[in-house]
Amino acid sequence: MARYLAVHREAEEAVRRTLSYVEGVSFARRATAPAHFGIGLRDTVCPPSTGFAAYNQYGCATGRPLPPDREMHVYPFNGHEGGEAVHVRRQLRWLGAVLGRD
């Protein structure tokens with residue numbers, strides 16, 4: 001957003017208005033499917049606090065007594081790329097277990 005607005009300075013209001021419709025925690029609250037999260041603590045694109053907020057609220061507004069199954073992996077030394085190949089392997093193992101193919 002900052003890079004875009006550095007070139008398109010007159011668009012700030014429109015950008016903020018558009019982004020006000022995108023808020024992951026609100027969507028996460030309504031989730032019903034199992035989920036696998038990965039967070040790089042050095043992420044400057046999506047601050048880690050937003051990932052933790054989405055994880056903590058995941059599925060809580062569904063009216064079910066328990067949230068959907070969810071798993072999180074934290075990568076202290078990674079940015080937006082997360083755990084890269086390590087995380088992909090974790091995702092595939094997790095998906096295999098969810099699908100009953102482990």
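Helices here are DSSP runs of H or I with at least four residues, numbered from the N terminus, and Glu84 lies in one of them, α5. Welcome to a quick tour of this structure, which is a predicted model. The stops are a nonpolar core of seven residues, a pocket of about 210 Å³, two salt bridges and a few individual residues.

**Nonpolar core**
- Which residues make up the largest nonpolar core? They are Ala28, Ala31, Ala35, Phe37, Ala54, Tyr55 and Tyr58.
- Two elements, β1 (35-40) and α4 (48-57), each give two or more residues to this core.
- In soluble globular proteins, nonpolar side chains tend to be buried together.
- Tyr58, one of the core residues, is in contact with core members Ala28, Ala31, Ala35 and Phe37, leaving aside neighbours within four places in sequence.

**Largest pocket**
- Rolling a probe the size of a water molecule over the atoms shows where empty space is left.
- The largest pocket has a volume of about 210 Å³, and 18 residues line it.
- Which lining residues are closest to the centre of this pocket? Gly38, Ile39, Gly40, Asp43 and Cys46 are.
- β1, α4 and α5 (84-98) each supply at least two residues of the lining.
- By residue class, the lining holds nine polar, six nonpolar and three charged residues.

- Side chains of opposite charge can pair when their charged atoms come close.
- How many salt bridges does the model contain? The count is two.
- One joins Arg16 to Glu12, with the closest N and O atoms 2.9 Å apart.
- Both of these residues belong to helix α2 (residues 12-19), where Arg16 and Glu12 lie four residues apart, about one turn of the helix.
- Arg16 counts as partly exposed because its relative accessibility is 47%, and Glu12 is also partly exposed, at 38%.
- Another salt bridge links the side chains of Arg17 and Glu13, at 3.7 Å from N to O.
- Arg17 and Glu13 are four residues apart in helix α2, so about one helical turn separates them.
- Arg17 is partly exposed at 45% relative accessibility, whereas Glu13 has 62% and therefore counts as exposed.

**His36 in β1**
- His36 is found in strand β1.
- Is His36 buried or exposed? With a relative accessibility of 15%, His36 is buried, because the cut-off for buried is under 20%.
- Not counting residues up to four places away in sequence, His36 touches Glu71, His73, His87, Arg90, Gln91 and Trp94.

**Leu41 in a loop**
- Leu41 sits in the loop between β1 and α4.
- A relative accessible area of 38% makes Leu41 partly exposed.
- Leu41 and Asn78 are 37 residues apart in sequence, yet their C-alpha atoms are 6.2 Å apart in space.
- Leaving aside neighbours within four places in sequence, Leu41 is in contact with Asn78, and also with Pro48, Phe52, Val74, Tyr75 and Pro76.

**Backbone at Glu84**
- Most residues other than glycine have a negative phi.
- Glu84 has a positive phi of about 50°, although it is not a glycine.
- Glu84 lies in helix α5.
- At a relative accessible area of 51%, Glu84 counts as exposed, because the cut-off for exposed is over 50%.

Notes:
Residues numbered from 1 in each chain as written. Predicted model: local features only at pLDDT ≥ 70, side-chain atom pairs only at ≥ 80, totals over all residues. Heavy atoms only, no water. Core = buried A, V, L, I, M, F, W, Y, C linked by side-chain atoms within 4.5 Å. Buried < 20%, exposed > 50% of the residue type's maximum accessible area, 1.4 Å probe, protein only. Contact = heavy atoms within 4.5 Å. 1 Å grid on protein atoms, 1.4 Å probe; cavity = no way out; pocket = protein on both sides within 12 Å on 5 of 7 lines; lining within 4 Å. Points joined across faces, edges and corners; volume = space filled by probe spheres on them. Nonpolar A, V, L, I, M, F, W, Y, C, P; charged D, E, K, R; others polar. Salt bridge = Lys/Arg side-chain N within 4 Å of Asp/Glu carboxyl O.
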